[in-house]
Amino acid sequence: MQRRRALRIAAGVTLGAAALGGVALWPGSRPDDAETAAKLVPDVPLGDERLEQRSSAARGATVDFYTAVPTGHGDGRGLPVCLVLHGASATAASFPGFGFGRFLSDAAARGVPPFVLAGATGGRLRWEPSGADDPQRMAYEEIPAWCAERGFDTTRLALWGWSMGGYGALRLAESHPGAYRAVAAFSPAVAPGDRVFAGASALAGTPVALWCGEQDGFYEDVRALAATIPAATTAYAPGAHTRTYWNSITPAAFDFLGRALSAA
């Protein structure tokens, strides 16, 4: 029998330095200011936020599975879903500490059409298959199935990821054209000649929004990628490859995702 360990996240979750620390795995990374990053998390009530364990056949492992519903929307039944693909220094267990549930509730309170966040731990494989471990298949097949069990509307899906997860979100959309209503990628860890660049034409018809800090080591590569994606929306501003920068742009990304998921 599938083992599930459900944890309802308490309303008083604190954002510690370990959860909000800087990323040291990519070019342009620099130490982050945990206190500054934490101050950017909206001070609003949490909705239904959970961390469970699920058995992933695609990964051949038990993985953490995270979901968040905006406050005031019960258990999220009937809401569309944004799949979250984490970066290399995080797992799905990091998401409560990053304040994702509060950003989601804040978006709904600001009038953004409500949606659910859902994500699972994909390891550090750039969301690409490696031997018997296939986090991309987990994201495409298993996470939506787990969401459907909860009553979420998996006919309306979007993707959001940062760094390695930004790469993964773009690759997933390229691998399954038309499966997702939108893709939001923060500081995607891309480089000319990689699979994301090679498959960019497959994103035609999918709304794609790219954000990157101007002090990020990936800045020039993200700009180059944007030029190859049909009708990509871009936003560049001062910032590095840090949680502080990503927290600062999360509200804009949730606005974009909510609109895309609610479009007729």
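This is a predicted model: local features need pLDDT of at least 70, side-chain atom pairs count only at pLDDT 80 or more; totals for chains, interfaces and linings use all residues.
**Entry 1**

I then looked up the pairing partners of strand 3. Strand 2 (residues 49-56) runs antiparallel to strand 3 and is joined to it by eight bridges, and within this pairing I found arginine 54 standing opposite valine 63. Four residues lie between the strands of this hairpin, and glycine 60 takes a positive phi there, near 65°. Strand 5 (residues 116-120) also pairs with strand 3 in the antiparallel sense, over four bridges, and in this case phenylalanine 65 stands opposite alanine 120 of strand 5.

**Entry 2: the nonpolar cores**

Which residues touch the most other members of the largest nonpolar core? I counted 45 residues in that core, and the ones with the most contacts to other members are Leu83, Met138, Ile143, Leu159, Leu170, Leu210 and Leu225. Helix 6 (residues 164-175) gives the most to this core, contributing six residues.

**Entry 3: helix 8**

For helix 8 (residues 219-226) I listed the buried residues as Tyr219, Val222, Leu225 and Ala226. They cover an arc of only 125° around the axis, which puts them on the same side of helix 8. I also checked what covers these buried residues, and the elements include helix 6, helix 7 (195-198), strand 8 (208-213) and strand 9 (233-237).

**Entry 4: salt bridges**

How many salt bridges does the structure hold? I find 13, and I looked at several of them in turn.

Aspartate 255 forms one with arginine 110, with the closest N and O atoms 2.9 Å apart. Since aspartate 255 lies in helix 9 (residues 243-262) and arginine 110 in the loop between helix 4 (100-109) and strand 5, the pair ties together parts that are 145 residues apart in sequence. Arginine 110 has a relative accessible area of 39% and is therefore partly exposed.

Aspartate 153 and arginine 156 form another salt bridge, the closest N and O atoms being 2.7 Å apart. I had to check the burial of aspartate 153 against the cut-off: its relative accessibility is 19%, and buried means under 20%, so aspartate 153 counts as buried.

Arginine 171 forms a salt bridge with glutamate 174, and here the closest N and O atoms are 3.7 Å apart. Because these two residues are three apart in helix 6, about one helical turn separates arginine 171 from glutamate 174. Is arginine 171 buried or exposed? I find that arginine 171 is buried, and that glutamate 174 is buried as well. Elsewhere, salt bridges with shared partners join Glu52, Arg54, Glu149 and Arg150 into one network, and Arg54 is the residue I recorded opposite valine 63 in the first entry.

**Entry 5: aromatic rings**

I find 16 aromatic pairs in the structure. The ring centres of tyrosine 66 and phenylalanine 95 are 5.3 Å apart and the planes are at 85°, so this pair is edge-to-face. Tyrosine 66 lies in strand 3 and phenylalanine 95 in helix 3 (residues 95-98), so the pair ties together parts that are 29 residues apart in sequence. Tyrosine 66 has 0% relative accessibility and counts as buried, and phenylalanine 95, at 0% relative accessibility, counts as buried too.

For tryptophan 160 and phenylalanine 186, the ring centres are 5.7 Å apart and the planes are at 75°, so this pair is edge-to-face. Tryptophan 160 sits in strand 6 (residues 153-162) and phenylalanine 186 in strand 7 (residues 183-186), so I noted that the pair links distant parts of the chain, 26 residues apart. Both tryptophan 160 and phenylalanine 186 are buried.

Finally, I looked up the aromatic cluster to which these residues belong, and its members include Tyr66, Phe95, Trp160 and Phe186, along with Phe100, Trp211 and Phe254.

How values were computed. Residues are numbered from 1 along each chain as its sequence is written. Side-chain values use heavy atoms; hydrogens and water are left out. A nonpolar core is a set of buried Ala, Val, Leu, Ile, Met, Phe, Trp, Tyr and Cys residues joined through side-chain atoms within 4.5 Å. Buried means under 20% relative accessible area, exposed over 50%, partly exposed in between (1.4 Å probe, protein chains only). Two strands pair if DSSP finds at least two bridges between them. The arc is that of the directions from the helix axis to the C-beta atoms. Contact means heavy atoms within 4.5 Å. A salt bridge is a side-chain nitrogen of Lys or Arg within 4 Å of a carboxyl oxygen of Asp or Glu. Rings of Phe, Tyr and Trp (its six-membered ring) pair if their centres lie within 6.5 Å; planes under 30 degrees apart count as stacked, over 60 as edge-to-face and the rest as tilted.
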